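Here's a quick walk through one protein model, with an eye on its charged side chains and what surrounds them. Have the structure open as you read.

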Amino acid sequence: MAEEEKKKHKLKDLIADIRANEQNADSMKLREYVSYAVSRFGFGTIGKMYEGYQMPFYASAGIPINIAGVMIAIIRFWDLFNDPAIATIIDTEKYGSKKRGKFTRWLAPMVPMMTVSAIIMFVNPPGGLWVKIIYFMLINILWEIFSTFTSISFQSMQAVMSADLQERSNYLTFGNLGDKLVGALPGLIPIAFDFLVRGSETRAPLLRESSFYAVFAVALCSLGGITALFSKNLKERVFTPKQDKRLYQNFLTFLRNRQLLLLWTANLTNFISAVGWASAPFFFKDAVGNFSVQTLVWTLTGTPTFLVMLLSPIFLKRFAPRKVVIFNKILNAACMFAMFFVCGAVGYSTAAGITFIVLFSLISSIPSGVSDVANNICNINTFDYTEWQTGDRAEATTFMISGMLNKGINGLGPLIAGALMSRAGFVSGENVVFSQATKDALFRFYTIFPAIGMLLSVIPYFFYKIEGPLLDKVQADLTERRRIAKENEFV
């Protein structure tokens, strides 16, 4: 039988196993797999609108790009106070609920509030510069409060939905399918922009740029909020004894999770890559001169990523998750460097240049879906490893600190990008024409910064050790401990 045929049968067996395991009361149900994927799509759609189009919206509202970068950085650093308080509420016993779950109980009330705040974040208020700055800062603070409740709770669910390694691989694969669909609708924004905002020689623009972002915020964030509510169908299965602990006690548990700390050092390089991510919409819109190319890149790269990710359980049985992540990061860096040199030579705004941009993006995207699943597995396995060593997990506090560090680090990206773009001659406003030097700078930001960030972020994964015999021992010991603890509950 051909190798491709074998893969097809194995994929069918995967679906069949999930259905068969539904008979086991302790196993995940197909409904949960689907709900997890749908809710990942919902949270991701709102996040994509927020992260991908916040800076372009601020620029269209007349806020100087360097000030926009400072605003985003300040909001990220606000989470130094916001996130610990919310994680303490989620992770302590007096706020818990056996009936509704430690994490799921927060999703239903907070998702609607997160959705509303995301929508009004893209409303351009009347008034001068300081009125806009104060308005956007206050709305962003509200958004951060509500989104922190939902993001910490939902991310923590990843670690407690199942203790079975195969189930984890399966539901993370399903979840990443939802993630990869995220680009589908927000990915249409550049095409709609070229049609509605730019107009043509024979047709006047139909919308102002700032109004355009508001219209799409209403549509996409509403859809994201509705689908994110599917997270109510998820069930928590991994428990540790509830303790009314203070934040510093949970923080000590986090510090004992040394393998996770090791992986998080890779995140310290994200601010370098984030410079490229923040400048991407401006590169396609203002340097290439065709915002729709960004949609083309997302669409063509998303398809192979989606298809290959369907085979994640097969790949991750043959290759250690750590090695998959290493391969993906190195390939991504190589493709971005190649894009810089090749497209710089032929011209990034020419037909040949656009073709190479799409080609290198396509090559780099192929293993990224499997790598996303592999990276999540590496992170989640550290909770089991820490429980094996210390008897505690502290998921909410751990994900809070992870999110807080990521927000702080990623906040540096727009801050640096805004400063560099301003220095390169970028001017905020609508229908601004830029010099070639400014366009070339945007091209360098888009390619070189992510390439360097990827190369640096791969280093910690060479020292990760929770795999093979060690992981088998951890799982076996924890299974026995939980069996004994469950028996003692009935004694």
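Let's start with Lys132, which touches Ala61, Ile63, Asn124, Pro125 and Gly127, leaving out residues up to four places away in sequence. Keep in mind that this is a predicted model. Lys132 sits in helix H5, residues 129-160, and it counts as buried because its relative accessible area is 11%, with the cut-off for buried being under 20%.

Beyond its sequence neighbours within four places, Phe284 is in contact with residues including Phe291, Val297, Ile357 and Tyr446.

What about charge pairs? The structure holds four salt bridges, among them these:

| Salt bridge | N to O distance |
|---|---|
| Asp286 and Lys285 | 3.3 Å |
| Glu467 and Arg322 | 3.2 Å |
| Asp477 and Lys473 | 3.5 Å |

Which parts of the chain does the Glu467 and Arg322 pair link? The two are 145 residues apart: Glu467 is in the loop between helix H18 (436-457) and helix H19 (468-489), while Arg322 is in helix H14 (residues 321-346). Arg322 is buried at 13%, whereas Glu467 is partly exposed at 21%.

Asp477 and Lys473, on the other hand, both lie in helix H19, four residues apart, or about one turn of the helix. Salt bridges with shared partners also join Glu209, Lys285 and Asp286 into one network.

Technical notes
Residues are numbered from 1 along each chain as its sequence is written. This is a predicted model: local features need pLDDT of at least 70, side-chain atom pairs count only at pLDDT 80 or more; totals for chains, interfaces and linings use all residues. Side-chain values use heavy atoms; hydrogens and water are left out. Buried means under 20% relative accessible area, exposed over 50%, partly exposed in between (1.4 Å probe, protein chains only). Contact means heavy atoms within 4.5 Å. A salt bridge is a side-chain nitrogen of Lys or Arg within 4 Å of a carboxyl oxygen of Asp or Glu.
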